Amino acid sequence: MITFIIRRLLIAIPTLVIISLVVFLLLNLAPNDPMAQVPLTVPPEVKQKMREALGLGQPIHIQFFKWLVQFFWIEPQVLIDYLFNTTFSEGKQRIISWQTRSPVMDIVVQRLPQTLWVVGMSYVVGILIALPIGLYSAYKQYSIFDNVGTFVSMVGYSVPPFFSGVFVIVIFSVQLGWLPSIYDTTHTVVDWETFKFQIKQMVMPVMVLALQTTAQINRFMRSASLDNLNQDYVRTARAKGLTEWTIITVHVLRNSMIPVVTVIAINVPYIFGGALITEQVFKVNGIGHQLIGAIYANDLPTVQTITFMFAFLIVSFNLLADIIYGLLDPRIRYD
Amino acid sequence: MIEERNQEKVGSLYRDVWDQFKKHKGAMFGGVIFLLIVISVLVGPFLWPFEANAIDIRSRNQGPSFIHPFGTDQLGRDTLARMLAGGRTSIAVGLCAMALTIFLGTFIGVTAGFYKRLDGPLMRLTDLFLSLPLLPLLLVMMLLFREPLSSAYGPERGMFILIVFAIGITSWMPTARIVRADVLALKEREFVLAAIASGSSNSLVVRRHILPNVLSPILVSATLGIANGIITESALSFLGLGFPPDFPTWGRLLNDAVDYLQQYPERVFWPGLCISLTVLSVSYLGDGLRDALDPRMRKR
């Protein structure tokens, strides 16, 4: 197991470097110019200086290497400085956003809590809804409950978040006026009233994202439970007179969770991708909002950093899923 | 007489598949709905008297009426005509992106499965693509290649090529994996070994023996590919990075409708419903196809 983990970690590093190279080349070889907005009256030698100030003067492999150093060496130092009050990163060049002229990571840190609140909450809600429904659908296969559950998860699969989000806004904000349509990120919770408002503004984005999670996890849970319900050990458990409740919750649920937990882990990064659109619909001031703003503003360092952070999430959660699978299922041996 | 009865009993593969497919009510329903949508967007613009881009400023912002069943927008353009024209683009993008996805996926899957030497590198490539953050990259591609392609092929055709190409190269990986696994299993079967032993060239073996036998996973991926293409195109248009503003697609219409959410909330309904209904029907179609093409399901 340990050798497997080490081998996977060693494979993950070149994968990440290649991904960062792909992202970097896509952004830098594309036919666009960050200096396009500069007026034509600016003399060429000044323009050249401006290019160098943006870090564009050097050949492409040196630019890439500098970016790698900034991301993997300097930014962690900044984090350590912040945590332990040290001065490792003093005077070192960080990744600077072209749009705001401040370090990209500082903005990411400001934006991340909103995304994590909405995305994390929706993921938890989605899983909590999906697991019992999936289990019960499998237990009563082809019943009305199962058919309705399958239909609802098909709908959750098919209705894109930019429609379900707008649709609930129309119903609950425009027609009924119960919930705010825009997520207010400056809102702070101090007492019961503000807490209630916070809950109100989180309901819609969380439910829209949770619908998608529910649809996916529900299908996996259903098929995993179906596989387990026909196993011999379930028959044995029935034969020795256990109650149905015990059989389902203790035997079937626990064994069905093995593949489902890995699916839950693998899907975490994709939920961030879905949040990209949901944040746009509800105007949540999160990391997806920052990425789209940076794309519109042609702010390459920000786009590159956030895109790479998404890739980092995908690779690390895939790794995590593999490890969890090996730990949970004693039948799996990686050696 | 005996021979005839045998024939009746055995039947052809496609007959079996069709019989099983008919049993899946959701799939039949989905297939019919999808066909209806495709026919109406193909024929509709010829029959419907209004042009999608004909501006009639005097009848702007109308609700549903006998002349304009879906109402009109802020420039007085007929919403039904725009929905039909938009559907054409959205479905065309879905179908073309699906074709490209299937072509790339099958090509890479068959190559990796059939040629042992290429298996490792191609599968590493697939893993790499699966680790890429696809939606952000799609957005970046839209942003970066929009202008060069628009100036080369015109704004609409350039965007069409870009969107189809971008969706195609970011969604071939699952198909490639499934096809490779099937090809690996098929390669060891006797009829393939016999074909190779009798001196058939590699390309003949692939075309005559391998491809027909991996048709069923490809068909299922194709239905998923259409759904994925339509959703991705509308997401891009919704984020404002798809087709130009005056060119209707379902995602674009939804995006336009969101601007008037407070005054005319009913406008978001039609494009959203069309996207969802199309994707839902295609997904059910894929579900039924998967069951019908699976011989273990057919035996029951």
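Before you click anything, a quick definition: a helix here is a DSSP run of H or I at least four residues long, a strand is a run of E at least two long, and both are numbered from the N terminus. One more thing to keep in mind is that this is a predicted model.

**Stop 1: chain B**

Select chain B and colour it by secondary structure.

Now think about which parts of the chain touch each other. Take the contacts in chain B with a separation of 6 or more: residues 24 or more positions apart account for 70% of them.

**Stop 2: chain A**

Along the principal axes, its C-alpha atoms fill a box of roughly 85 × 60 × 40 Å. Chain A has 335 residues, and 34% of them are buried. As for its contacts between residues at least 6 apart in sequence, 71% join residues at least 24 apart.

**Stop 3: two crossing helices**

Stay in chain A and select residues 104-139, helix α4, together with residues 192-229, helix α7. At what angle do their axes cross? Roughly 35°, and the axes come within 5 Å. The crossing of α4(A) with α7(A) is right-handed.

**Stop 4: where the chains meet**

Show both chains again and pick out the residues in contact between them. Chain A puts in 36 residues and chain B puts in 31 residues. To find the chain A side, select α1 (2-29), α5 (144-158), α6 (161-175), α9 (244-282), α10 (287-296) and α11 (300-328), each of which supplies at least two residues to it.

Which of these helices gives the most to that side? It's α6(A), with eight residues. Finish by colouring the chain A side of the contact by class: 29 of its residues are nonpolar, seven are polar and no charged ones turn up.

Terms used
Residues numbered from 1 in each chain as written. Chains lettered and ligands numbered in written order. Predicted model: local features only at pLDDT ≥ 70, side-chain atom pairs only at ≥ 80, totals over all residues. Contact = placed C-beta atoms within 7 Å. Nonpolar A, V, L, I, M, F, W, Y, C, P; charged D, E, K, R; others polar. Axes fitted to C-alpha atoms, helices over the stretch in contact; angles between N-to-C directions. Left-handed = near helix turned anticlockwise from the far one by under 90°. Buried ≥ 20, exposed ≤ 12 C-beta atoms within 10 Å, placed from the backbone.
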